[in-house]
Amino acid sequence: MKLLKLLVASLIAVSVFGGASSFAADTISEMRNADILTQDAAPRIPKVVNSDERQVRNYPEQPPLIPHKIDGYQIDKRLNKCMTCHSRTAIEKSQAPMISITHFMNRDNQFLASVSPRRFFCTQCHVPQTEAKPLVENTFVDVDDVLEGKAGK
């Protein structure tokens, strides 16, 4: 009798949870516009834009995008590879833009002699740009278009 109850409970659990996983797979498939779960090959990783040209910012206070590859860059509590080119003392030779003066401010807005620890990990805010196609439609409107009244036209 106990074995029969256990068997019935197991069958119910399999049927309920089996349907949930099917629902989750359907949702993922709809977001990606293709069922990649059944494909043999993984999608290709998009190429990183490696132009070293500054890119337009879409809104005030947007952190600048990183216009080059950062594969293999060490950024941890001991070393920040970005500072090799972007530190105050390196910009003359590297011709890279110096990090913002705000990166030298502490939480009380007092200036420090070196980069603030809370701004030391660049990739918290700055990211490389890729040549990836958007997964969903993008309706973003640039701030200049909003100010000029072009938004929504």
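Which residues form a nonpolar patch on the surface? They are Met1, Leu4, Leu7, Val8, Leu11 and Ile12, with about 650 Å² of accessible area together. Welcome to a predicted model, where local features need pLDDT of at least 70, side-chain atom pairs count only at pLDDT 80 or more, and totals for chains, interfaces and linings use all residues. Residues are numbered from 1 along each chain as its sequence is written, and side-chain values use heavy atoms, without hydrogens and water.

**Fold**
- Four helices and zero strands make up the element count of the chain (DSSP runs, H or I of at least four residues for helices, E of at least two for strands).
- From the N terminus on, the order is α-α-α-α.
- Of the 153 residues in the chain, 14% are buried (under 20% relative accessible area, while exposed means over 50%, with a 1.4 Å probe and protein chains only).

- Methionine 1, a member of the nonpolar patch, sits in the segment before helix 1 (2-32) and is exposed at a relative accessible area of 73%.
- Arginine 44 belongs to the loop between helix 1 and helix 2 (83-86), and its relative accessibility of 80% makes it exposed.
- Although arginine 44 and alanine 132 are 88 residues apart along the chain, 9.7 Å separates their C-alpha atoms.

**Largest pocket**
- The largest pocket holds about 1,000 Å³ of space (an open set of points on a 1 Å grid where a 1.4 Å probe fits, with protein on both sides within 12 Å along at least five of seven lines).
- Its lining has 36 residues, and the closest to the centre are Pro64, Leu65, His86, Pro97 and His126 (lining residues have an atom within 4 Å of a point).

Definitions and conventions:
Grid points are joined across faces, edges and corners, and a volume is the space filled by probe spheres set on the points. Patches are made of residues with over 30% relative accessible area and no salt bridge: like charges are joined within 9 Å, nonpolar side chains (Val, Leu, Ile, Met, Phe, Trp, Tyr) within 5 Å. Accessible areas come from the Shrake-Rupley method with a 1.4 Å probe; for residues, only the protein chains shown count as cover. A salt bridge is a side-chain nitrogen of Lys or Arg within 4 Å of a carboxyl oxygen of Asp or Glu.
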